[in-house]
Amino acid sequence: MRIGIDCDGVLRDFIPDVINLIKEKHPEHADKILEPTSWEWESWLPFWTEDETEKFVFEDNYERLFGPEAHPIHTSAYDWPKLVHWAKEQGHELVLVSAQRPHCEEPTRQWLDKWGFDFDEIHFTKLKQLIDVDVLIDDSPEKLDTFKNRSIERGSPICYRQTWNQECQKKYMTIDRLSDIMDRLFG
Ligand SMILES: [Mg+2]
């Protein structure tokens, strides 16, 4: 089986890093950050327009947020060696399927190296449904829905639980940490 795994929100603790960086660089906004319950920046960073947040994240601070300094999700870093061992034993392949912007790909490769996330294959694409994986572990409602409806392998979406994908948790198999898939899928 080929297991597709997303990066941000599944391996990399991207949203908490964004929140902490805003607090560090713009303490005047610290108490105005809401709980991220949606993919729309403005719904939980109401003090900035969409364009302002995009600039903060993808222009001014992309090296910090996507490069080696960025933080992994603790349980993902902890579970990874177990997952690799299990995948080898079972004959599964681990495939990164991540929608990075072109200038964030190299920092992301460095980040994966630094934290030891060694994949059998790496795909950077927004069109995750075109990658031949049997399952896709992702946190994005939009990506999970598109994969469900249009996966070329008729693969199954697996929701990685986050505060911003509560609707998906009702529709799709949902995991709380990476190692859950070892029991949930094949137990
Ligand atoms: Mg993601």
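Glu52 is partly exposed, because 13 other C-beta atoms lie within 10 Å. On this scale a residue is buried if 20 or more other C-beta atoms lie within 10 Å of its own, exposed if 12 or fewer, and partly exposed in between, with C-beta atoms placed from the backbone. Glu52 belongs to helix α3 (residues 50-60). Helices (H or I, at least four residues) and strands (E, at least two) are DSSP runs, numbered from the N terminus. Between Glu52 and Trp41 there are 11 residues in sequence and 9.8 Å in space, C-alpha to C-alpha.

The structure is a predicted model, in which local features need pLDDT of at least 70 and side-chain atom pairs count only at pLDDT 80 or more, while totals for chains, interfaces and linings use all residues. Residues are numbered from 1 along each chain as its sequence is written.

**Overall form**

The protein chain contains nine helices and six strands. For 187 residues, a compact globule would have a radius of gyration near 16 Å, and the protein chain agrees because its own value is 16 Å. That radius is taken over C-alpha atoms, and the globule rule is 2.2 Å times the number of residues to the power 0.38. Along the principal axes, the C-alpha atoms fill a box of roughly 50 × 35 × 25 Å. Buried residues make up 32% of the 187 residues in the protein chain. Of the contacts in the protein chain with a separation of 6 or more, 61% are between residues 24 or more positions apart. Two residues are in contact if their C-beta atoms, placed from the backbone, lie within 7 Å.

**Domains and their contact**

The protein chain is divided into domain 1 (2-13 + 72-184) and domain 2 (14-66). These bounds come from an automatic or database domain assignment. The C-alpha centres of domain 1 and domain 2 are 23 Å apart. Their contact takes 15 residues from domain 1 and 13 residues from domain 2. On the side of domain 1 that touches domain 2, α6 (102-114) and α7 (141-150) each supply at least two residues. Helix α6 gives the most to this side, with five residues. By class, the side of domain 1 that touches domain 2 has five nonpolar, five polar and five charged residues. In this classification Ala, Val, Leu, Ile, Met, Phe, Trp, Tyr, Cys and Pro count as nonpolar, Asp, Glu, Lys and Arg as charged, and the others, Gly among them, as polar.

**Strand pairing and the nonpolar core**

Two strands pair if DSSP finds at least two bridges between them.

| Strand pair | Sense | Bridges | Opposite residues |
|---|---|---|---|
| β1 (residues 2-5) and β2 | parallel | four bridges | Ile3 and Leu94 |
| β4 (residues 135-138) and β5 | parallel | four bridges | Asp138 and Cys159 |

Strand β2 is mostly covered, as five of its six residues are buried. Strand β5 (residues 156-160) is largely enclosed by the rest of the structure, because four of its five residues are buried.

The largest nonpolar core has 37 residues, of which Ile5, Val95, Val97, Val133, Leu136, Ile137 and Ile158 touch the most other members. Strand β2 (residues 93-98) contributes the largest share of this core, four residues. At least three residues of this core come from each of domain 1 (2-13 + 72-184) and domain 2 (14-66). A nonpolar core is here a set of buried Ala, Val, Leu, Ile, Met, Phe, Trp, Tyr and Cys residues joined through C-beta atoms within 7 Å.

Not counting residues up to four places away in sequence, Leu136 touches Gly4, Val97, Lys128, Phe147, Gly155, Pro157 and Ile158. With the same exclusion of residues up to four places away, Lys128 touches Gly4, Val97, Ala99, Leu136, Lys143 and Phe147. Lys128 lies in the loop between β3 and β4. Lys128 is buried, because 24 other C-beta atoms lie within 10 Å. Lys128 and Arg150 are separated by 22 residues in sequence and by 9.3 Å in space, C-alpha to C-alpha.

Arg154 is found in the loop between α7 and β5. Arg154 is exposed, because 8 other C-beta atoms lie within 10 Å. Although Arg154 is not a glycine, this residue has a positive phi of about 50°.
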